[in-house]
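Have the structure open and follow along.

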Amino acid sequence: MSDILRELLCVSEKAANIARACRQQEALFQLLIEEKKEGEKNKKFAVDFKTLADVLVQEVIKQNMENKFPGLEKNIFGEESNEFTNGLGNLPLWTSVCHHFNWCL
């Protein structure tokens with residue numbers, strides 16, 4: 001159990017680093033926001049958004065937990081799809097974490 005808690009603390013710090021990096025430049029941050037499509041939108045909201053940070057955080061957490069605890073991947077779910085179109089409407093970007101970065105010792 002302590003290994004899972006330790007890894008959750010590690011990925012939460014990675015998530016905070018990603019969010020801070022995405023928020024550092026306001027003009028850039030505005031491009032990293034996408035309005036959710038009708039099928040993805042939370043029905044409680046008239047308008048719902050996701051950010052590239054949301055998508056990256058979700059994928060990093062999933063990848064790290066799967067690497068550390070094989071077999072856990074079937075039980076890790078997130079709210080966001082890994083498809084993201086920037087604020088200018090440019091081509092969609094599909095995120096995937098391909099490398100293991102050890103930001104947490």
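## Around E66

Leaving aside residues up to four places away in sequence, E66 touches E73 and I76, where contact means heavy atoms within 4.5 Å. E66 and I76 sit ten residues apart in sequence, and their C-alpha atoms are 8.5 Å apart in space. E66 itself is found in helix α3. It is partly exposed, at a relative accessible area of 23%; here buried means under 20% relative accessible area, exposed means over 50%, and partly exposed is in between (1.4 Å probe, protein chains only).

A word on ground rules: this is a predicted model, so local features need pLDDT of at least 70 and side-chain atom pairs count only at pLDDT 80 or more, while totals for chains, interfaces and linings use all residues. Residues are numbered from 1 along each chain as its sequence is written, and side-chain values use heavy atoms, with hydrogens and water left out.

## The overall layout

The protein has three helices and four strands, and from the N terminus on they run α-α-β-β-α-β-β. These elements are DSSP runs numbered from the N terminus: helices are H or I with at least four residues, strands are E with at least two.

Of the 105 residues in the protein, 30% are buried. Among contacts with a separation of 6 or more, 60% are between residues 24 or more positions apart. The accessible surface comes to about 7,400 Å², and carbon and sulfur atoms account for 59% of that; the areas come from the Shrake-Rupley method with a 1.4 Å probe, and for residues only the protein chains shown count as cover.

How does the length of α3 check out? Its 17 residues should span 24 Å at 1.5 Å a residue, and the end C-alpha atoms are 24 Å apart, which agrees.

The largest nonpolar core has ten residues: A15, I18, C22, L32, L52, A53, V55, V57, V60 and F84. Helices α1 and α3 (52–68) each supply at least two residues of this core, and α3 gives the most, with five. A nonpolar core here is a set of buried Ala, Val, Leu, Ile, Met, Phe, Trp, Tyr and Cys residues joined through side-chain atoms within 4.5 Å.

## Salt bridges

How many salt bridges are there? The count comes to six, taking a salt bridge as a side-chain nitrogen of Lys or Arg within 4 Å of a carboxyl oxygen of Asp or Glu. One of them pairs E59 with K62, with the closest N and O atoms 3.5 Å apart. Both lie in helix α3, three residues apart, which is about one turn of the helix. An α-helix has 3.6 residues a turn, so residues three or four places apart point the same way. E59 counts as buried at 9% relative accessibility, while K62 is partly exposed at 26%.

Another salt bridge joins the side chains of K50 and E40 (3.7 Å, N to O). K50 lies in strand β2 (residues 49–51) and E40 in the loop between β1 (33–35) and β2, so the pair ties together parts that are ten residues apart in sequence. K50 is buried, at 1% relative accessibility, and E40 is partly exposed, at 30%. K41 also forms a salt bridge, this time with E38, the closest N and O atoms being 3.3 Å apart. Is K41 buried or exposed? With a relative accessible area of 15%, K41 is buried, whereas E38 is exposed at 64%.

I4, L5 and L8 make a nonpolar surface patch of about 240 Å². Patches are made of residues with over 30% relative accessible area and no salt bridge, with like charges joined within 9 Å and nonpolar side chains (Val, Leu, Ile, Met, Phe, Trp, Tyr) within 5 Å. I4 sits in helix α1 (residues 2–23) and counts as partly exposed, at 33% relative accessibility.

Technical notes:
The expected span of a helix is 1.5 Å times one less than its number of residues.
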